[in-house]
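Hello,

Here is the structure for your files. My notes follow below it.

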Amino acid sequence: MYKIAILASGSGSNAETIVRHFHAGNAARVVVVLSNKARAGVHDRMQPLGVATKTLDNSVWADEPERVVALLRSLDVDMVVLAGFLRRIHPAIVTAYRGRILNIHPSLLPAYGGKGMYGRHVHEAVLAAGERETGVTVHHVTDGIDEGAIVMQQPVAIDSGETVETLEAKIHAVEYDLYPLAIAAVLGID
Ligand code: GRF
């Protein structure tokens, strides 16, 4: 059974979907959720699911990546999954898990990616540009921001009168389907 660690800074709705998806089968399991925020909603979501969470200070993520790698290795983690984790991943962590760290981004990368492009900022920029289509991308994590090889992408149509809120809801719904599929594809399981 493959062991997955999720990294999350926010509400954790993707984390919850990933846990529910894989815990319904026996090919993979989420063994821990790591956060940089002690009050993030993801902690509350994991409690009833029985998934342990741990908060590591921003200083650890920035200056002591070997502690993160040691923790992941002590849990025998095979794959690291970023789900709304709002910190750059230290190159030492990327090196330790190269090819086995994924991220999900709420646009059709390379469009609307890079520094400052996260959460609502992405949807605001997409709508301000008058795009007719956006989407979701799952990609490998590298040292650059939103630059790694793309695993899967799914377009989302933008309707007239679309707002940041309606677009965010549509994107989230697509993410819930796409991310478990992409993780399974990289792990080589169903
Ligand atoms: C998602 O929209 C994802 O694309 C982005 O951060 C958001 C996380 O949402 N990277 P949630 O915490 O999973 O609800």
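The side chain of S11 has an N or O atom 3.3 Å from an oxygen atom of the ligand, a polar contact (a pair of N or O atoms within 3.5 Å). For S13, a polar side-chain atom is 2.5 Å from a ligand oxygen atom, and for N14 a backbone N or O atom is 2.8 Å from a ligand oxygen atom. On its own the ligand exposes 370 Å², of which the protein buries 85% (Shrake-Rupley areas, 1.4 Å probe).

This is a predicted model, in which local features need pLDDT of at least 70 and side-chain atom pairs pLDDT 80 or more, while totals for chains, interfaces and linings use all residues. Residues are numbered from 1 along each chain as its sequence is written, and side-chain values use heavy atoms, without hydrogens and water.

The residues around the ligand (a heavy atom within 4 Å of it) are S11, G12, S13, N14, G84, I104, P106, H172 and E175.

N14 counts as buried because its relative accessibility is 7% (buried means under 20%, with a 1.4 Å probe and protein chains only). Beyond four places in sequence, N14 is in contact (heavy atoms within 4.5 Å) with A83, I104, H172, E175, Y176 and Y179.

Y179 is also one of the residues with the most contacts inside the largest nonpolar core, together with I4, I6 and I183; this core has 35 residues. A nonpolar core is a set of buried Ala, Val, Leu, Ile, Met, Phe, Trp, Tyr and Cys residues joined through side-chain atoms within 4.5 Å. Another core lies apart from it, with 22 residues, including L82 and I89.

Regards

Methods. Buried < 20%, exposed > 50% of the residue type's maximum accessible area, 1.4 Å probe, protein only. Polar contact = N/O pair within 3.5 Å; in protein donor to acceptor, adjacent residues only side chain to side chain.
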